[in-house]
Amino acid sequence: MKIVINVTVNQKNYELAVEPNMTLVDMLREELRLTGTKKGCGLGECGACTILLDGQPVSSCVMLAVEAHNRKIVTIEGLETEKGLHPIQQAFVEKGAIQCGFCTSGMVLSAKALLDDHPHPDEQDIRKAISGNLCRCTGYQKIVEAVQSVSEGEQTS
Amino acid sequence: MTQYHTINSRAPRIDAPDKASGKAQFIDDLNMSDQLHGAILQSPLAHARIVKIDTSRARKLPGVKAVVTAEDAGLVQYGVSPARYDETLFCHDKVRYIGDEIAAVAAVDRETALAAVSLIDVEYEELPLLLSVEEAMKEGAPLIHEDYPGNICAEVHQEFGDVEAALAECDIVRTDTFMNKMQNCAFLEPQGCIGHYDHRGYLTLYSSTQTPHYVQRTVAMTLKMPIGKVRVVKPYVGGGFGAKASANAMEMVACLLSMKTGKPVKMVFTREQVFLQARGRHKFVHTLTTGAKKDGTVVALKHNCILEGGAYASFGIATVYYAGSLLGGPYKLQHMKYDAYRVYTNKPACGAQRGHGGVIARAAWEQQLDVIAEELGMDPVEFRFKNMMNNGDTSCNDLYMSSFGMRECVEAVRDKSGWERKRGTLPRGKGIGMACGFFVSGAGFPIYRSETFHCTATVKLSEDGGAAHLYTASAEIGQGSDTTFAMITAEALGVPLNAVKVSSGDTDFGVDLGAYSSRQTLMTGFAVKHAAEDAKRQVLEVLADKLRISVSDIDVKDGTVIFKGPGITFRTIRNRYRKEHRGWTDMPDDAPLSFAEAARLAFIVKGTVIGQGEYRPRWLGGKFKGAAVGTSPAYGCSAQVVELRVDMETGQITIDNMTDAHDCGFAINRTSVEGQMQGSLLMGLGEALFEEVKFDQKGRMLNPNFGEYKIPTALDMPNVTPIIVESNEPYGPYGAKEVGEGAIMPTIPAILNALYDATGIRFHELPLTPERVYKAIKEKQCEAKAERGRK
Amino acid sequence: MLIPRFEYHKPSTLKEACEIKGKFKGKAQLLAGGTDIIPNMKKRIILPDSLISLNGISELKSNSVSGKNRCARIGACATVSSLIRGKFLLPYSALLTGLESLGSPLIRNMATIGGNLATARPAADLSPSLIAYKGKAILCSVAGKREVSLDDFFLGPGKTILNDDEILAEIILDELPACTGSGYIKLGTRKALEISLVNVAAVIALEKPDGVIAGARIVMGAVGPIPLRATTAENLLMGEKPSDGLFAEAGKAAAEDSRPIDDFRGSAEYRRDMVRVITVRALQKALHDIR
């Protein structure tokens, strides 16, 4: 039986009826068509489905949609504004931090949560913050450099 | 500064903004109206005869639209190489590994499809399991495929020179055996597809693939369709690394189900299915006997190899050849003998993975060369200088080095890493090691024997003259090929990068063999360059004709027409262009003539300007059996230095520094080249330290997930110092050749050699888990203690 | 991957949750962070008829440091990251290290301390230190509350003393006595996203600064069906002055106390040897923590 939830996604309020066994990632992708959140493993082990839940990055594939009731969610689609890409997104573009792009949404959101809390992290802080987000393409280095460039104020938008 | 306005720069990738913002669409992001969802029944047993398949309960489930088995699919055999087609769409007589496909369902949603699959009843008669090459090669072992006696999928016997005679003349001869474990490519995006058979009888397959071309052929062949009626479209792909380089059963199943139902059918693998589909690195056991002279000259290599292939051939016939032929470089070696067997077992099929066939052989040999260097009292760097090939050399197995920056690579990593300062001075538990690598820049021949062009490219200028549109069937899978080709188009045409649009990954756009064997930059790049030059020539010819000058008096650069002679006036052309574009911003009077104006003129004179290019390698390779595998229009090479730390009490290894130099011929995009190097090193690090697909006694995979199949996290991977070496490859576009796979070659052996420096122990088995390292340290300590006791 | 269907309950009080859990007996499972149960449901290893979400129960999330003995009371549904951020656990270094090495930041933002205990995974990161601190658990049922020592909480892999109608509500840590320190060492393959191959938590108390050891508790994870006390090692330490030699002996004794098995992650032999090594390191950390 479906359950009605109220949830804020990217500052927009939704009232949705969801099956209890629907995961949050499926709700975002299938109900709201926000397909920027990716499904890489289904078991909370790769970070591709990272979203911000009340500001904190979590794996949306191991969270039930019904549990998002009265919570605030930000997905990758919530970062871009009418002015353009978010500085973190811009840094990822400019520093070559994106190859296949499948981990990018999660990486960017984990980086955002870090920078929101610690505007000037050191390299180890950055690596720790993205340690739940697997990337098979880049070797992480250009991702770390991108995050560093934002914290050092190289990026503005 | 280079002479180029676009290439050799660090231009941001053209796909990056869409990927950064979450807008880039991957296969699972696509949905079609009225689509059905498919699910596949996969074998729960590793080796069994199928007695009976009963689909009646599944068919009765509400919401089920079609159930198919081998009866519906037919028994057309397919695979990667026509010489080893050993798969059928569904199993009909027996299953050969846990995961083998038996039947499939299309239903209104995923849940129903999965429920229906669980209602298919299959009666099996279990057969003896062959879970190792030893069991499979044993006299009298049951056959996994009736047509392959001894369960030998493929064997290779090659000899160049006279190895036995040469070894007899050597001052030092050393034999070592080395092995790895089965690997998984572990890309982040699971394979998925949508098959859509439309009312006009055309089949369109959207798929997460590296090779739309081969998939198109395989789908057409198995489903008995004309190739021209099958179109394969590749959306953005979340990594491939080899496992997505051939057609998989899901792709054909989705098409078949769509043909049965008349509706689009979507399927996406779970991560477990990705692991079961496998097709990653084989388990290799290499036995290498190398002979050298006192002065350090490596003379001969006797090489035996056994590959555990799993249940099907996949790329295996190429793998087994590559594992031998790629040791032909980067060293001068006069005598080489190679004997190898690829063996079937009841496990998922192995195939190609970054550095196809060569990675473990390279690891084994580079470590052995270090041992020989040490025994001869030579520095590993000097030893390699002594033996490396140069520009213009040909290996004993007929591989020709048309460009070869090996020396520059070794010098670069030696100097940047502080090798001379650190080597031999680090305390116990810390180590530094180096190794070299070597790889093809595209295979000399397609997988099927054919005289086909390996790629075609089309550059169409927009009729207003302001934009160029490149059509290529090549596959952007994350490596950055779309950007590379956009940059080549911009440079060759003489327009800014932002005037180039790329459409790729669609068999409707031409022929391209796809993203494998590190071929696209050289091969597709060559075709793209020619297509753009063709379009430019057409524009310049019209312009020259109008201005009554010679084509050789004009050039185009960064969007501007450059007149080589003085006093050429183009006012009439500009006025004509302006007249048609009232309301737009015009070029100011004193601005030079733009390419857009010239291209518009060309359209008005002769219609749509379409430039075409194609590429086919020159004839390559020797006359011996298997000469085709390993031939390439060009070869990349690389060198690497690794520094690491070992916790001598627990065996845990921490990689602290990696310095990597790669000769990519010429870097079209410097950032992308570095990205390929850094990513290759990550995969090499993972394979060296952590990665292993494990099985139990029943052939069940124990770790088909990212929790237990451990790829490196951001905390395991150090920063890499990447050094780009440019040797200017004569057969590559602007001198470019590979970087995507060759860069992984030196990583594992450099780690092994550094580990020896740290511990004094040579390891002959991967991965270097803490337990394996700890046990070896403990054994060594026990031996040392016993030694002291004896004294 | 689909989650098999289930009935969803979201009580707003602990009492209500206990009632529901009691009603469904073993067929209901609790949902807190979900990082363990959701993957297990997707893999069809755990197939409950009902899931009872504890995330609407505010009393399960509240933490406090109170009472005359300044004990720390931790709500079972406190997430791992909230406990790291909360600072009030700073004196409990071994627990903090365990919290920080659990999974990944994404997991830590979801996983709860209660979940880490109640799922009773032998390799769990938090139970060794909580046991070493003589932690207590408050278990609630319809009938009322009971306080149990975490020493007695675990029965086997996935099994605890929780009754069908009982819910783990709170964890209580007494204030650490003076001259007490703790350390936790986790051994894994990767540096993140790891399940322990072996882990050890150690708490030692000195009689006085630079005095002899007056209290020692060593708890080992992933080397038995439940977290194990290294009692021989503990006894060996008592009344002795800390020294490298003493710790080495304790490490050997702990290895003897462990009961590891072979599995695909590692051999029993390696695990036993590692207990020896990391027990020494955990003790050194604990000693350092005092100073």
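1. Let's start with the contact between the two chains. Chain B and chain A bury about 3,900 Å² between them, and 54% of that is on carbon and sulfur atoms. On chain B's part of that area, B:Ala20, B:Leu188 and B:Ala714 supply 16%, more than any other three residues. Keep in mind that this is a predicted model.

2. In residue terms, chain B brings 54 residues to the contact and chain A brings 45. Among the secondary-structure elements of chain B, helix 1 (16-20), helix 4 (110-118) and helix 19 (670-689) each put at least two residues on the side that touches chain A. Helix 19 of chain B gives the most, with eight residues. Sorted by type, the chain B side splits into 25 nonpolar, 17 polar and 12 charged residues.

3. Now for charges and polar pairs across the chains. The count between chain B and chain A is eight salt bridges. One of these to look up in the viewer is B:Asp29 with A:Arg29, whose side chains meet at 2.8 Å, N to O. There are also 25 residue pairs in polar contact between chain B and chain A, both residues being at pLDDT 80 or more.

4. Chain A has an interface of its own to look at. Chain A is divided into domain 1 (3-78) and domain 2 (87-151). Taken over C-alpha atoms, the centres of these two domains of chain A are 21 Å apart. Contact between them takes 17 residues from domain 1 of chain A and 13 from domain 2 of chain A.

5. How much area do domain 1 and domain 2 of chain A bury between them? About 1,100 Å², with 63% of it on carbon and sulfur atoms. Of the area that domain 1 of chain A buries against domain 2 of chain A, A:Thr50, A:Leu52 and A:Ile76 supply 41%, more than any other three residues.

6. Last, the strands. Strand 3 (50-53) and strand 4 (56-59) of chain A each supply at least two residues of the domain 1 side that touches domain 2 of chain A. Strand 3 of chain A gives the most to that side, with three residues. By type, the residues on this side of domain 1 of chain A come out as seven nonpolar, seven polar and three charged.

Terms used:
Residues are numbered from 1 along each chain as its sequence is written. Chains are lettered from A and ligands numbered from 1 in the order in which they are written. This is a predicted model: local features need pLDDT of at least 70, side-chain atom pairs count only at pLDDT 80 or more; totals for chains, interfaces and linings use all residues. Side-chain values use heavy atoms; hydrogens and water are left out. Domain bounds come from an automatic or database domain assignment. Contact means heavy atoms within 4.5 Å. Buried area is the accessible area (1.4 Å probe) that two parts lose on being put together, summed over both. Helices (H or I, at least four residues) and strands (E, at least two) are DSSP runs, numbered from the N terminus. Ala, Val, Leu, Ile, Met, Phe, Trp, Tyr, Cys and Pro count as nonpolar, Asp, Glu, Lys and Arg as charged, and the others, Gly among them, as polar. A salt bridge is a side-chain nitrogen of Lys or Arg within 4 Å of a carboxyl oxygen of Asp or Glu. A polar contact is a pair of N or O atoms within 3.5 Å; within protein, one must be able to donate a hydrogen and the other to accept it, and residues adjacent in sequence count only if both atoms are side-chain atoms.
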